Amino acid sequence: MKKVAIVMGSDSDLPVVEKAVEKLTEYAVPYEVHVYSAHRTPDQARDFARSARENGFGVIIAAAGMAAHLAGAMAANTTLPVVGIPLKSKALDGVDALLSTVQMPSGIPVAAVGIDGAVNAALLAAEILALGDEDLAARLDRARAEGTEKVLAKNAAVEARFNN
Ligand code: RP5
């Protein structure tokens, strides 16, 4: 199976990014984790994206806060799918990162998840890799069915309490 690259702009992003790491681990999806900044280490970020395909990656997850250009910078340098995680910061609650991540010019796509949406980023990356991996697809389907059962059980409890 191809690997997922998880790239973040700063190690201060780790508390959120680790949720993506945990989710990929849960689904036995191989990954690497790196700190590259579109602004502080632009050469390394570019080189990583340019060599990602030949280095065995199938998807890049890029997480950044504030003027969050990392996902776009990755996408500018590869045609691998890039999933952007806009991270919440103090000043603007993550809206700055959301808009910086999602408002890409036509031709250079980034699939942005919600603010701090690390779990969904990992799941989306897994779904992309599952296009070529039936076992992973089956694991994702099983987990989705289990999630549905949990919500149905909650619904049953709420209905039993209020609908007499
Ligand atoms: C962004 O700036 C990083 O992704 C991080 O979310 C934010 C702040 O970085 P630090 O100043 O904590 O290193 O590039």
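How far apart do the C-alpha centres of domain 1 and domain 2 lie?

## Two domains

In this predicted model, the C-alpha centres of domain 1 and domain 2 lie 29 Å apart. The domain assignment of the protein places residues 3-132 in domain 1 and residues 134-164 in domain 2. Between these two parts there is contact, in which nine residues of domain 1 meet seven residues of domain 2.

## Helix α6

Helix α6 covers residues 134-162, and domain 2 is assigned to 134-164. At 1.5 Å a residue, the 29 residues of this helix should span 42 Å, and because its end C-alpha atoms are 42 Å apart, the model agrees with that expectation.

The N-terminal end of α6 is capped by Asp133, a side-chain oxygen of which lies 3.1 Å from the backbone nitrogen of Asp135.

## The ligand and its surroundings

Around the ligand are the residues Gly9, Ser10, Ser12, Asp13, Arg40, Ala64, Gly65 and Met66. Sorted by class, this shell holds two nonpolar, four polar and two charged residues.

Taken alone, the ligand exposes 360 Å², of which the protein buries 71%.

Technical notes. Residues numbered from 1 in each chain as written. Predicted model: local features only at pLDDT ≥ 70, side-chain atom pairs only at ≥ 80, totals over all residues. Heavy atoms only, no water. Near = heavy atom within 4 Å. Areas by Shrake-Rupley, 256 points an atom, 1.4 Å probe, with all protein chains shown as cover. Nonpolar A, V, L, I, M, F, W, Y, C, P; charged D, E, K, R; others polar. Helix = DSSP H or I, 4+ residues; strand = E, 2+ residues; numbered from the N terminus. Expected span 1.5 Å × (residues − 1). Polar contact = N/O pair within 3.5 Å; in protein donor to acceptor, adjacent residues only side chain to side chain. Domains from an automatic or database assignment. Contact = heavy atoms within 4.5 Å.
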